[in-house]
Amino acid sequence: MGLEFEFYGPETENCVSSLGKVTVGAYDDWTQLNAFAARCDVVTFENENIPFETLRDLDEKTVVYPKAKAQQQTQDRLVE
């Protein structure tokens, strides 16, 4: 299918390194995040620990699914 994957996160040890490039960086490191977003057609995420602000700002630079608003709601158990 010709798909390439890149991963971003603060952990130096991960289980995805065999699947694609891994960028290790903080969720508020905008130098790293902007470079990451520039290389991605679509960004997705799988846990609620990523700050809403990070996803909202990434969504201004590339397509993010699910949208940052969904992440904001899952971070608040009463709203969820």
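The following legends describe close-up views of a predicted model.

**View 1. Crossing of helices H1 and H2.** Helix H1 spans residues 30–38 and helix H2 residues 52–59; their axes come within 10 Å and cross at roughly 45°. This angle makes H1 oblique to H2. The crossing of the two helices, H1 and H2, is right-handed.

**View 2. Residues in the contact of H1 with H2.** Helix H1 contributes Trp-30, Leu-33 and Ala-37, while H2 contributes Glu-53, Thr-54, Asp-57 and Leu-58. Sorted by class, the contact of H1 with H2 comprises 4 nonpolar, 1 polar and 2 charged residues.

**View 3. The aromatic pair of Tyr-8 and Tyr-27.** The structure holds 2 aromatic pairs. In the pair of Tyr-8 and Tyr-27, the ring centres are 6.4 Å apart and the planes stand at 40°, so the pair is tilted. Tyr-8 belongs to strand E1 (residues 6–9), and Tyr-27 to the loop between strand E2 (21–24) and H1; the pair therefore ties together parts that are 19 residues apart in sequence. Both Tyr-8 and Tyr-27 are buried.

**View 4. The aromatic pair of Tyr-8 and Phe-36.** The rings of Tyr-8 and Phe-36 also form a tilted pair, at 5.4 Å centre to centre and with 50° between the planes. This pair links distant parts of the chain, 28 residues apart, with Tyr-8 in strand E1 and Phe-36 in helix H1. Tyr-8 has a relative accessible area of 16% and is buried; Phe-36, at 6% relative accessibility, also counts as buried.

**View 5. The aromatic cluster.** Tyr-8, Tyr-27 and Phe-36 together form one aromatic cluster.

Notes
Residues are numbered from 1 along each chain as its sequence is written. This is a predicted model: local features need pLDDT of at least 70, side-chain atom pairs count only at pLDDT 80 or more; totals for chains, interfaces and linings use all residues. Side-chain values use heavy atoms; hydrogens and water are left out. Axes are lines fitted to C-alpha atoms, for helices over the stretch in contact, and angles run from 0 to 180 degrees between N-to-C directions. Helices (H or I, at least four residues) and strands (E, at least two) are DSSP runs, numbered from the N terminus. Angles under 35 degrees count as roughly parallel, over 145 as roughly antiparallel, 65 to 115 as roughly perpendicular and the rest as oblique. A crossing is left-handed if the near helix is turned anticlockwise from the far one by less than a right angle, and right-handed if clockwise. Contact means heavy atoms within 4.5 Å. Ala, Val, Leu, Ile, Met, Phe, Trp, Tyr, Cys and Pro count as nonpolar, Asp, Glu, Lys and Arg as charged, and the others, Gly among them, as polar. Rings of Phe, Tyr and Trp (its six-membered ring) pair if their centres lie within 6.5 Å; planes under 30 degrees apart count as stacked, over 60 as edge-to-face and the rest as tilted. Buried means under 20% relative accessible area, exposed over 50%, partly exposed in between (1.4 Å probe, protein chains only).
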